[in-house]
Amino acid sequence: MKYLLFIVFAAFSFQLSAQQKQFSKDDNGKYIYYKVVDSLALSKDTLLQRAKSFVNVAYKKSMVQESITDSSILAKGTMVIDKTILVAGHPSGEVSYNFVFEARNDKYRFWITDMLYIPYQRDRYGNFVATTQIGTPLERSPGKLNAGAWKDILNSTYAKIEKFGEEFKKYLATNRVDKAKKKVETISTKKW
Amino acid sequence: MKKLLTAIFAMASTTCALAQETATSPLEISGSVDTYFKYDFAKKANNITTSFASDHNSVSLGMIDILLKKKTGKASFVGELSFGPRGQSQSIPDAAAGGSSFHIQNLYVNYDFTDKFSMTAGYMGTFIGYEVISPVGNFNYSTSYLFTNGPFQNAGIKATYKFSDKVSLMAGVFNDWNAYSATRGVSAVGGQLMVAPVEGWTAYINVLSGAGAGGYGTIEDLTTSYQITEKFKLGLNAANYDIDNDGGGYAGAALYPQYAVAGGVTLGLRGEYFKVKDVGALQGNKYTSVTLTANIKSGGLTFIPEVRLDHSGNMPFFKESGAAAPNAGQFSLAAVYAF
């Protein structure tokens, strides 16, 4: 009985923590994903270079650098949101966003905001494509008819943005030096 | 034909070396189900003879549609099957006589030689026209005369080159319309020019030769839609089909204004003019049709109430008494769930 109660409380606490994972709002009432990172003894220039590489190399297919200064980067990006059906799924829409990065010595911050959602629909060939070019701000209430679906979109978007944020932090913490190709060691069985 | 194929493969071979490897995607499963109730004002089933929704005063079935898609590297496939009246006997071709079989909506493979150039081979939804078989792809539940008389699907091989996000060109060779296999060889030639002049506006200029219900000929088609504001969208479809040897054909145009009146609720109007071309002394019918439709969306479900009024001076419709009539009207309620 004790263990059963413990499992019930543990499950309840996990449920509560899952519900709390949602976007905060900025001063303008827009959803924002904001992180400040105290990095490991890295100069501002190094942080800026790595962030620039992240936008222009690692994520070049989905991000476009808009502007860069000696301490900041502004970029726009899109990410595809998926809908899962049992073990498979398909794209359900895309979210466009603004990405802002600012660096100081040993410290940086970044945030993602101005998120717009564009729903996808299957075309005549079975491919999922955007139904419109005009996105809906995530902050906008969809009305009662689509409240449940919108909540799913918000949750999926948050999960994607959070994963993106973690990848960015990992990228900035990693020293990417091109390694020379190692010669493949060959083993001869003729002499021993 | 040989020159066209040679040109296509030459383009593929000279551009394939520079492609970046694209990511592998998991298996995608999607589809839809739909059902409807239709009431013909003359109490006649199939009084308005456009495709699908042919019953009267009956809660009837559309189709269940299942699609599988997967991409591995640069290669991908799509396989789509449908079952039910809309997806079987009312889609062309019906694999088994009597409407008892399934229908293949799409069955093709695609290869992305580069980010700009790809080739597709198999059986595909046609690139002609504004409306499609799947109710998910149409705003109106009933279909237009242009859709009913045009091709539904094409089997063939096509190449697409994307010059930019604003311009792309497709060219291909195909079997006859709506046929799993060719009856006179791979002899139909088609092409599509896509242009997106401004954001939100896309236009497709299409040409396809081949055989429709009346014989072999060539169809030219313009399909375009423009999301003018966040709430207002305007679509247009215009087509001309000429059957060889003055064998007739058809021509028509349809306008599709749509307005989002509230969150999840959009009203749309379809106005269509359609003319069957004269063949010798035999005059073809002319039709005008006005359809008022609402799309009420909640998640994956779309509820579609619709009223349609058709007119033809040739009196091809019927009154309740069975007498010929110049007008026909119908009211329908449809529910479409896309997953």
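The following is a short exchange about a predicted model.

Biologist: Why is A:Lys151 called exposed?

Modeller: A:Lys151 has 12 other C-beta atoms within 10 Å. A residue counts as exposed if 12 or fewer lie within that distance, so A:Lys151 is exposed. The residue sits in helix H3 of chain A. From A:Leu138, 13 residues apart in sequence, A:Lys151 is 9.9 Å away in space, C-alpha to C-alpha.

Biologist: Why are H2(A) and H3(A) called oblique to each other?

Modeller: Their axes cross at roughly 125° and come within 9 Å. Roughly perpendicular ends at 115 degrees and roughly antiparallel starts over 145, so the pair is oblique. The crossing of H2(A) past H3(A) is right-handed.

Biologist: Which residues of H2(A) and H3(A) meet?

Modeller: On H2(A) they are A:Leu47, A:Arg50, A:Ala51, A:Phe54 and A:Ala58, and on H3(A) they are A:Phe168, A:Tyr171 and A:Leu172. By class this contact has seven nonpolar residues, no polar ones and one charged. Arg counts as charged, so A:Arg50 belongs to the charged class.

Biologist: What makes up the side of chain A that touches chain B?

Modeller: In this contact, 19 residues of chain A face 26 residues of chain B. Strand S5 (88-104), strand S6 (107-122) and helix H3 (147-173) of chain A each give two or more residues to that side. S5(A) gives the most, with three residues. The classes there are seven nonpolar, nine polar and three charged residues.

Biologist: What makes the largest nonpolar core a core, and which of its residues touch the most other members?

Modeller: A core is a set of buried nonpolar residues joined through C-beta atoms within 7 Å. The largest has 28 residues, and B:Tyr123, B:Leu146, B:Ile219 and B:Phe274 touch the most other members. Elements of chain B that each supply at least two residues include helix H2 (145-149), strand S12 (249-262) and strand S13 (265-276). Leaving aside neighbours within four places in sequence, B:Phe274 is in contact with B:Tyr145, B:Leu146, B:Tyr250, B:Gly252 and B:Tyr287. Another core, of 25 residues, lies apart from the largest one and has A:Phe23, A:Tyr31, A:Leu48 and A:Phe101 among its members. In soluble globular proteins, nonpolar side chains tend to be buried together.

Biologist: How many helices and strands does chain B have?

Modeller: Chain B has two helices and 18 strands. Of its 339 residues, 36% are buried. Among chain B contacts between residues at least 6 apart in sequence, 53% join residues at least 24 apart.

How values were computed
Residues are numbered from 1 along each chain as its sequence is written. Chains are lettered from A and ligands numbered from 1 in the order in which they are written. This is a predicted model: local features need pLDDT of at least 70, side-chain atom pairs count only at pLDDT 80 or more; totals for chains, interfaces and linings use all residues. Two residues are in contact if their C-beta atoms, placed from the backbone, lie within 7 Å. Helices (H or I, at least four residues) and strands (E, at least two) are DSSP runs, numbered from the N terminus. A residue is buried if 20 or more other C-beta atoms lie within 10 Å of its own, exposed if 12 or fewer, and partly exposed in between; C-beta atoms are placed from the backbone. Axes are lines fitted to C-alpha atoms, for helices over the stretch in contact, and angles run from 0 to 180 degrees between N-to-C directions. Angles under 35 degrees count as roughly parallel, over 145 as roughly antiparallel, 65 to 115 as roughly perpendicular and the rest as oblique. A crossing is left-handed if the near helix is turned anticlockwise from the far one by less than a right angle, and right-handed if clockwise.
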